[in-house]
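Here is a short report on one protein chain. Look at the sequence and the structure first, then read on.

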Amino acid sequence: MTSTATPPGLARFNALEEPAALAALHEACASTAWARRLLADRPYATADDLYAASDAAVSGLSAADLQEAMAGHPPIGRPRPGDPASQREQSGMTAATDRLKAEMLELNLAYQERFGQVFLICATGRTGEQLRDALTERMGNTPEREREIVRTELGKINRIRLARLVDED
């Protein structure tokens, strides 16, 4: 017999008062529109329901909302000090050589100059070389194509962060 009970971490999230839930969601994504959409759809019966709501919210973000979400992400190779999520997600850069770190800095700056935003990628599980190669490849994208990719990458990051939120014991 399978259980239909909501998992404990998700039940805790569902029960949070709105300000606490909003703060928890902002840890996952800096977009206020995204967080408010997820709050409006509570309670969630399953984590998959939460992830589906997140995906729908990401796909509905305006350009300004997407910029707000991206502002919460530090450049690859420079995780935010004291932010365990960005350090964990960018751990592939930890073992990078000084040369690769310098190359990433230059590429990040060139990307920001070209697209007017931070290079956003789901870095979890990727090596420094893989991150560099992805950045180099994406430099050739049109701005429209890059926005599509950024939206997809943001969705992946949000799912990973939401999984941590609802899996916490």
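## Basis

Helices here are DSSP runs of H or I with at least four residues, numbered from the N terminus. The model is predicted.

Asn141 shows the numbering in use. Asn141 sits in the loop between helix H8 (128–138) and helix H9 (143–167).

## Overall fold

The chain has 9 helices and 0 strands. Along the sequence, the pattern reads α-α-α-α-α-α-α-α-α. The radius of gyration is 17 Å, close to the 15 Å that the globule rule gives for 169 residues, so the chain is as compact as a globular protein of that length. Along the principal axes, the C-alpha atoms fill a box of roughly 50 × 35 × 30 Å.

Take the contacts with a separation of 6 or more: residues 24 or more positions apart account for 67% of them.

## Surface and charge

Of the 169 residues, 43% count as buried. The chain exposes about 9000 Å². Carbon and sulfur atoms supply 53% of that area.

The chain carries 20 positive and 25 negative charges.

Is Asn141 buried or exposed? Asn141 counts as buried because its relative accessibility is 15%, and the cut-off for buried is under 20%.

Which residues does Asn141 contact, leaving aside neighbours within four places in sequence? They are Arg114, Phe115, Glu146 and Ile149.

## Ser54 in helix H4

Ser54 lies in helix H4, which covers residues 47–59. Its relative accessible area is 0%, so Ser54 is buried. Ser54 touches Trp34, Leu38, Asn158 and Leu162, with residues up to four places away in sequence not counted. Helix H9 spans 143–167.

## Cysteines

How many disulfides does a search of the whole structure find? The search finds 0. Cys29 is in no disulfide, and its nearest cysteine sulfur, that of Cys122, is 13 Å away. Cys122 is likewise in no disulfide, with the sulfur of Cys29 as its nearest cysteine sulfur. A disulfide needs sulfur atoms within 2.5 Å.

Cys29 counts as buried because its relative accessibility is 1%. Cys122 is buried too, with a relative accessible area of 10%.

Arg145 lies in helix H9. Its relative accessibility is 41%, so Arg145 counts as partly exposed. Arg145 and Pro79 are 66 residues apart in sequence. Their C-alpha atoms are 26 Å apart in space.

Asp98 lies in helix H7, residues 98–115. At 64% relative accessibility, Asp98 counts as exposed, since the cut-off for exposed is over 50%.

Key
Residues are numbered from 1 along each chain as its sequence is written. This is a predicted model: local features need pLDDT of at least 70, side-chain atom pairs count only at pLDDT 80 or more; totals for chains, interfaces and linings use all residues. Side-chain values use heavy atoms; hydrogens and water are left out. Helices (H or I, at least four residues) and strands (E, at least two) are DSSP runs, numbered from the N terminus. The radius of gyration is taken over C-alpha atoms; the globule rule is 2.2 Å times the number of residues to the power 0.38. Buried means under 20% relative accessible area, exposed over 50%, partly exposed in between (1.4 Å probe, protein chains only). Contact means heavy atoms within 4.5 Å. Accessible areas come from the Shrake-Rupley method with a 1.4 Å probe; for residues, only the protein chains shown count as cover. Lys and Arg count as positive and Asp and Glu as negative; His and the chain ends are not counted. The place of a charge is taken as NZ of Lys, CZ of Arg, CG of Asp or CD of Glu.
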